[in-house]
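User: Please walk me through how the two chains in this structure meet. I am new to it.

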Amino acid sequence: MPILTSLLAGLVFGLGLILSGMADPAKVLGFLDLAGPWDPSLALVMAGAIAVGLVAFALASRRETTLLGLSLKLPAARHIDRRLVGGSLLFGAGWGLAGFCPGPALVALGMGEIKAMAFVAAMLAGMGLFELLERRGKA
Amino acid sequence: MNIDWNAFTPLASLAGGALIGLAAALFVLFNGRIAGISGVLGGLLRPARGDVGWRVAFVLGLVGAPAVYALFTAVPAPRIVAGWVALIVAGLLVGVGTRYGAGCTSGHGVCGLSRLSPRSLVATLTFMGAGFVTVFVLRHLVGI
């Protein structure tokens, strides 16, 4: 059952990305281009998502288990450190470079876009590099 | 700052955003997890028993979304303006950055802010800022 709900969540997420235009890098870049003709759409996408999310997470925080009886695995980290800020800076730079972040890239991959495949491959390589660096650091 | 009224789609944005919120809601209320896509993907690179199935399912849902969307209406073609080198560099930056930063627009932006997490607020403001600066430099200083 959790596999099905996970599939459903991914699907609904993807549908939302397509409907909102967030799977279109040019539209995302239109929001990130403050000095150019500015498209505020992304801000409203976030607003719509967070409006629903606030309710959902408030409900979840009151529960011991999920509706399927599973344990809640929500991140407990609270510290703000160089990894968080440095990583976010790198991510934002990459995002501004191509207008893709992980979700939209996967959706575009599902549309058969070759350029999205290149981005996803590079993204996985970047994640793999992170894994390597982490393991070496702990060796 | 001039608003691009031709491009601005307030209703589709809110509706699509609500769907994204619904997805996050489903995921936390049923699976008990944050719908943070960089984390879902990243975990596949260190596979642990019992931890792979739901990740693959979520990714398949995302990848399969266009096909389902197409059952209802035409899927708008994405406009990928970046060149091949930019795509590769961007992918590497996003891959490394989301893992060090422990999240992306879905994990920190949607879920983290919905949880009122100060950590996610810092992350979101930081990657948004970096995005704004990067586009400004590329489009208005370098001129690409």
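Analyst: The questions below cover the contact between the chains. This is a predicted model, where local features need pLDDT of at least 70, side-chain atom pairs count only at pLDDT 80 or more, and totals for chains, interfaces and linings use all residues. Residues are numbered from 1 along each chain as its sequence is written, chains are lettered from A and ligands numbered from 1 in the order in which they are written, and side-chain values use heavy atoms, leaving out hydrogens and water.

User: How much area do chain A and chain B bury between them?

Analyst: Buried area is the accessible area (1.4 Å probe) that two parts lose on being put together, summed over both. Carbon and sulfur atoms carry 77% of it here. The total is about 9,800 Å².

User: Which residues of chain A lose the most area to chain B?

Analyst: Three residues answer this, together giving 8% of what that side buries. They are F13(A), F57(A) and K115(A).

User: Which residue of chain B forms a salt bridge with D24(A)?

Analyst: A salt bridge puts a side-chain nitrogen of Lys or Arg within 4 Å of a carboxyl oxygen of Asp or Glu. The chains share four salt bridges. In the one with D24(A), the closest N and O atoms are 2.7 Å apart, and the partner is R79(B).

User: How many residues does each chain bring to the contact?

Analyst: Contact means heavy atoms within 4.5 Å. Chain B gives 104 residues, and chain A gives 107.
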